[in-house]
Amino acid sequence: MGLDVEVVLYTLGIYTAIVVSPGPNFALISRMALQGRNHTARGAIVGLAAAATFYALLAMIGLAAVLNEIGWLVRVVQVLGGLYLVYLGLLFWRSPSAIPGHPQQNRFIGSGSLLTETVAGFKMGAAVNLSNPKGIAFFVGLYAVAVPADTSVSTRMAILLGGALLELGWYSIVAGLLSRSRFRKIYSRFSIWIERSIGSVLIIFGGKMVLNQ
């Protein structure tokens with residue numbers, strides 16, 4: 001059986017709706033772009049895509065369904081992931097960069113080599129996406145509904161590749177738009193409120209992960 005374009009488009013259509021919906025990933029990339037941390041943002045985008053593709057691959061080979069049945073393990077990861085998001089949110093609330101004119105306000109811009117900043121961004125992006133075990137449940141559900149059991153390998157690979165490109169493309173667009181001078185000026189003027197708003201988003205999402213069974 002060859003490539004089933006209809007299955008690929010249907011699956012990626014559902015995936016697109018999830019990717020573009022606001023959440024901690026969007027908050028993370030937005031903050032980096034507004035701060036002018038372009039290399040870090042690019043690394044984070046790749047990290048987000050890599051983590052999502054990892055979960056998708058687990059679902060594709062059936063391992064995610066097994067993991068999803070180990071309730072205590074998923075719950076532990078969910079709590080730890082939620083606490084990590086709350087921790088990031090609190091950092092954003094307390095960050096000196098949120099205070100206009102603070103001497104450390106631009107400490108991330110040009111503060112390290114391209115490789116160092118990119119790797120740091122990759123680690124944070126991957127951690128944020130991997131910290132949410134609901135990604136496993138999402139991909140298990142998505143592939144159970146949209147991908148027939150007899151789907152060819154080429155179709156499955158096209159879905160994996162398409163999903164990764166969706167993650168990379170969408171967040172690259174977000175980062176590109178928000179890194180423009182117009183948005184950077186708005187950030188400079190209202191940075192403390194923007195930082196705290198983004199931090200609040202992460203705290204809310206993290207809190208829901210910790211509290212939801």
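Modeller: The model is a predicted one, and I begin with a helix pair: helix 1 and helix 8 cross in a right-handed manner.

Biologist: Why are helix 1 and helix 8 called roughly parallel to each other?

Modeller: The axes of helix 1 (residues 5-19) and helix 8 (residues 153-178) cross at roughly 30°. Angles under 35 degrees count as roughly parallel, and helix 1 and helix 8 are therefore described in that way.

Biologist: How do you know that helix 1 and helix 8 meet?

Modeller: Their axes come within 10 Å. Contact requires heavy atoms within 4.5 Å, and residues of helix 1, including Val7, Leu12, Tyr15 and Val19, meet residues of helix 8, among them Ala158, Ile159, Leu166 and Trp170. The residues of this contact comprise 10 nonpolar, five polar and one charged.

Biologist: Which residues make up the contact of helix 2 with helix 8?

Modeller: From helix 2 come Asn25, Phe26, Ile29, Ser30, Ala33 and Leu34, and they meet Trp170, Tyr171, Val174, Ala175 and Leu178 of helix 8. Nine of the residues in this contact are nonpolar and two are polar, with no charged residue. The axes of helix 2 (residues 24-34) and helix 8 come within 8 Å and cross at roughly 35°, and this crossing is right-handed.

Biologist: What makes glycine 141 partly exposed?

Modeller: Glycine 141 belongs to helix 7 (residues 134-146). Buried means under 20% relative accessible area and exposed over 50%; glycine 141 has 31% relative accessibility and therefore counts as partly exposed.

Biologist: What share of the protein counts as buried, and what is its pattern along the sequence?

Modeller: Of the 213 residues, 40% count as buried. The protein has nine helices and zero strands, giving the pattern α-α-α-α-α-α-α-α-α. Of the contacts between residues at least 6 apart in sequence, 85% join residues at least 24 apart.

Biologist: Where is confidence highest, and where is it lowest?

Modeller: Helix 8 has the highest confidence, at a mean of 93, and helix 4 (residues 63-69) the lowest, at 62. Residues 96-110 have a pLDDT below 50, and this stretch has 29 contacts in the model beyond near neighbours in sequence. The protein averages a pLDDT of 80, and 83% of the residues score at least 70.

Key: Residues numbered from 1 in each chain as written. Predicted model: local features only at pLDDT ≥ 70, side-chain atom pairs only at ≥ 80, totals over all residues. Heavy atoms only, no water. Axes fitted to C-alpha atoms, helices over the stretch in contact; angles between N-to-C directions. Helix = DSSP H or I, 4+ residues; strand = E, 2+ residues; numbered from the N terminus. Parallel < 35°, antiparallel > 145°, perpendicular 65-115°, else oblique. Left-handed = near helix turned anticlockwise from the far one by under 90°. Nonpolar A, V, L, I, M, F, W, Y, C, P; charged D, E, K, R; others polar. Buried < 20%, exposed > 50% of the residue type's maximum accessible area, 1.4 Å probe, protein only. pLDDT = per-residue confidence, 0-100.
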